[in-house]
Structures are given as C-alpha cells and as structure tokens.
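Visitor: I would like to go through this model term by term. Please set each value against its cut-off before drawing a conclusion.

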Amino acid sequence: MRNKSQRGFTLLELLVTLVIVGILITFVAVSFTSNSFKHEIRIEASQLARKIELLRRVATTHNETWGISISRDSYRFLRFEESEQKWEEVEGALYRNHKLPAKLYLQFEGSLNIPTLIDKIDELQPEMMVVPGGEMTPFILHCKHEHSSTDQNEHVRVLQSDGINEVEVMSLAEATEQPTDDE
C-alpha cells in the first residue's frame with residue numbers, strides 16, 4: 001500500500017500568490033516611474049541652466065547679444081546679427097535646437113516686471129536676452145512633467161534668475177518659499 005506523502009499547491013494558493021506578486025510589481029513600477037520623471041526633469045533643468053550660464057560667458061567673451069527662444073517642448077539659442085539687425089539660429093552642437101523628452105514641457109513665466117510673450121510672430125523672437133556684459137532678462141521658467149499637478153511639487157523644477165546672478169534650479173516648493181523683494 002502506498003502512502004500519499006506527495007503534497008502540492010492548491011489552485012487557490014497559487015491564485016493568492018499571483019495576486020500578491022502582481023500587487024508588488026505594480027507598486028515597484030509606479031515608484032520607478034515616478035522617480036524616473038523626477039530624474040528626467042532634474043537632468044533637463046540642470047542642462048538648460050548650464051547652457052544659459054555658458055551662453056552668458058560666450059556673450060561677454062565675444063561681445064555679442066544672444067537670445068533664447070522658449071516653446072512648450074523645446075528651446076533654441078539665437079544670436080543677434082548686428083550687420084543684418086536680426087536674430088539668427090546658431091549652428092553647432094552646444095547651441096542647436098533642443099527638443100525635450102516626451103511628456104516634459106517648459107512653461108515660461110517671464111518676470112514680475114516683464115510680460116510673457118504670448119503671441120510670437122516668429123520663432124526667432126527670444127523670450128530671454130543676454131547682452132555682451134553678461135546681464136540677461138530676469139526670468140522664471142518651469143520644467144514640468146505632464147503628470148505634474150499643484151500637489152506634486154517634485155515633478156516641477158524652477159529655473160530663475162534676476163538677470164545678474166547665476167541661474168538657480170530648485171523645486172517648486174523651494175521657489176515658493178523664497179522671499180520676494182517686497183518683503
């Protein structure tokens with residue numbers, strides 16, 4: 001006579017295990033996706049801030065006027081040609097047009113004293129200018145993910161400058177905590 005010592009898993013035990021594993025995978029995927037959004041935003045914001053600071057040095061060194069044209073999903077660098085009295089796109093690896101990764105976008109807030117250009121006639125009109133002395137248009141620029149909402153400050157990076165000091169990159173919460181000139 002054989003003794004039934006073989007024991008296996010029941011269908012119910014297998015289903016419960018699969019549901020638990022599925023829930024865990026969902027949490028990991030959501031966490032990873034959220035962190036990748038934050039990482040992507042930080043990289044893009046830091047890269048743009050470094051390019052702006054480099055542009056300020058180039059404008060000072062070469063005694064040129066430069067501009068930055070901002071659109072929702074890209075930005076481009078322009079140089080003012082004195083001889084032709086017009087803005088021209090710059091060719092070159094550092095200053096070529098930059099398209100943001102999918103789902104990221106820029107929101108140009110301008111400055112308290114300078115209105116945002118809403119209806120640009122030409123894409124070659126800069127929102128921000130850098131003059132040969134290194135001064136630039138004061139600005140506030142938000143780099144966001146399309147899933148950003150008012151309660152998700154971690155999905156927004158703010159670039160801002162008073163036009164004289166270096167471009168600062170911070171979270172939205174840090175930007176709203178800073179005192180204004182009126183305080």
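Visitor: Which residues does K51 touch, not counting residues up to four places away in sequence?

Guide: K51 touches Y75, F77, L94, Y95 and H98. Contact here means heavy atoms within 4.5 Å. Before going on: this is a predicted model, in which local features need pLDDT of at least 70 and side-chain atom pairs count only at pLDDT 80 or more, while totals for chains, interfaces and linings use all residues. Residues are numbered from 1 along each chain as its sequence is written, and side-chain values use heavy atoms, with hydrogens and water left out.

Visitor: How do you know that K51 has no salt bridge?

Guide: A salt bridge needs a side-chain nitrogen of Lys or Arg within 4 Å of a carboxyl oxygen of Asp or Glu. For K51, which lies in helix α1, the nearest side chain of opposite charge is E44, 7.3 Å away. Lys and Arg count as positive and Asp and Glu as negative, with His and the chain ends not counted. Buried means under 20% relative accessible area, exposed over 50%, and partly exposed in between (1.4 Å probe, protein chains only).

Visitor: What makes R56 and E53 a salt bridge?

Guide: Their side chains meet at 3.4 Å, N to O, and the limit is 4 Å. Both residues lie in helix α1, three residues apart, about one turn of the helix. R56 is buried, and so is E53.

Visitor: Why is the pair of K99 and D73 said to tie together parts that are apart in sequence?

Guide: The salt bridge itself has its closest N and O atoms 2.4 Å apart. K99 lies in strand β4 and D73 in the loop between β1 and β2, so the pair joins parts 26 residues apart in sequence. Helices (H or I, at least four residues) and strands (E, at least two) are DSSP runs, numbered from the N terminus. At 57% relative accessible area K99 is exposed, whereas D73, at 31%, is partly exposed.

Visitor: How many salt bridges does a search of the whole structure find?

Guide: It finds five. One of them joins K86 to E84, with the closest N and O atoms 3.7 Å apart. K86 has a relative accessible area of 41% and is therefore partly exposed; E84, at 46%, is partly exposed.

Visitor: Why is the pair of F77 and Y95 called edge-to-face?

Guide: Rings of Phe, Tyr and Trp (its six-membered ring) pair if their centres lie within 6.5 Å; planes under 30 degrees apart count as stacked, over 60 as edge-to-face and the rest as tilted. By this rule there are four aromatic pairs. The ring centres of F77 and Y95 are 5.1 Å apart and their planes stand at 70 degrees, so the pair is edge-to-face. F77 is in strand β2 and Y95 in the loop between β3 and β4, so parts 18 residues apart in sequence are tied together. F77 is buried at 0% relative accessibility, and Y95 is buried at 9%. Ring pairs link W66, Y75, F77 and Y95 into a cluster.

Visitor: What makes F80 and W87 an edge-to-face pair?

Guide: Their rings are 5.2 Å centre to centre, with 65 degrees between the planes. F80 counts as buried because its relative accessible area is 19%, and W87 is buried at 16%.

Visitor: How do you know that the charged end of R72 sits over the ring of Y105?

Guide: The rule asks for NZ of Lys or CZ of Arg within 6 Å of the ring centre and within 35 degrees of the ring normal. The charged end of R72 is 3.9 Å from the centre of the Y105 ring.

Visitor: Which members of the largest nonpolar core touch the most other members?

Guide: Of its 27 residues, they are I52, W66, F77, F139, L141 and L159. α1 gives the most to this core, with eight residues. A nonpolar core is a set of buried Ala, Val, Leu, Ile, Met, Phe, Trp, Tyr and Cys residues joined through side-chain atoms within 4.5 Å. In soluble globular proteins, nonpolar side chains tend to be buried together.

Visitor: Why does Q85 count as exposed?

Guide: Q85 has 53% relative accessibility, so it counts as exposed. Q85 is found in the loop between β2 and β3, and its phi is near 55 degrees, a positive value in a residue other than glycine.
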